[in-house]
Amino acid sequence: MEYYWLYGVLLLFAGLGLAALEVFFPSGGVLGFLSFASMVGGITLGFMHSATAGVLIISMAIVGLPITLVTALTVLPKTRFGKRFILLQPSSDEVLPEDPQLEARKQLVGRIGYAKSKMLPAGAITIDGQTIDAVSDGFAVEPGQPVRVLEVTGNRMVVTPIEPEEAVDQSQESLLDRPIESVGLEPFDEEDENTSS
């Protein structure tokens, strides 16, 4: 009689374990039914010992079941078994079609340009003679102030203002360090014209 509360707690933990197994190994409801039966049995044994033990076991079940299920569902996609059955949400780069203009803009990350207009926070910047719409990362940017490209996501380019001393004159950089698109050379155009004529 005095160990009913202990058996009740053990049955409760067995029920929580079976609920977690139901997430990992779908059994058509068999494990779910056994989990429910174990928890009801544990609560019953708790009340057979005392009302306090019964209420404590019910409280543990109410708190423990959601925690167990959420934990199992967050762990499941990371397991080898879960990766076979659960489709993860694709990233935006995997879904969007290939865009040469976007790829060229991504090459500008880390480069330095100059604000063409006042940015509060949106405006225009110039890099390599190109005017590009950009957004400041929260700071106001005055026209002519140097900015560094932080990231490019879709059509959104984020820049941050920098001190004039930090700005390196990009015309003095080695042409070999720059992407070919930024130099403005098209290496295959001349060959294509020669082969077509």
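In the predicted model, the buried residues of helix H1 are Gly8, Val9, Leu12, Gly15, Leu16, Leu18, Ala19, Ala20, Val23 and Phe24, where buried means under 20% relative accessible area, exposed means over 50%, and partly exposed lies in between (1.4 Å probe, protein chains only). An α-helix has 3.6 residues a turn, so residues three or four places apart point the same way. H1 covers residues 4-24; helices (H or I, at least four residues) and strands (E, at least two) are DSSP runs, numbered from the N terminus.

Together with Tyr3, Trp5, Tyr7 and Leu10, Leu6 makes a nonpolar surface patch of about 520 Å². Patches consist of residues with over 30% relative accessible area and no salt bridge, with like charges joined within 9 Å and nonpolar side chains (Val, Leu, Ile, Met, Phe, Trp, Tyr) within 5 Å. A salt bridge is a side-chain nitrogen of Lys or Arg within 4 Å of a carboxyl oxygen of Asp or Glu.

The protein has eight helices and five strands, in the order α-α-α-α-α-α-β-β-β-β-β-α-α along the sequence. Of its 197 residues, 29% count as buried. The protein exposes about 13,300 Å², of which carbon and sulfur atoms supply 63%; accessible areas come from the Shrake-Rupley method with a 1.4 Å probe, and for residues only the protein chains shown count as cover.

Residues are numbered from 1 along each chain as its sequence is written, and side-chain values use heavy atoms, without hydrogens and water. As the model is predicted, local features need pLDDT of at least 70 and side-chain atom pairs count only at pLDDT 80 or more, while totals for chains, interfaces and linings use all residues.
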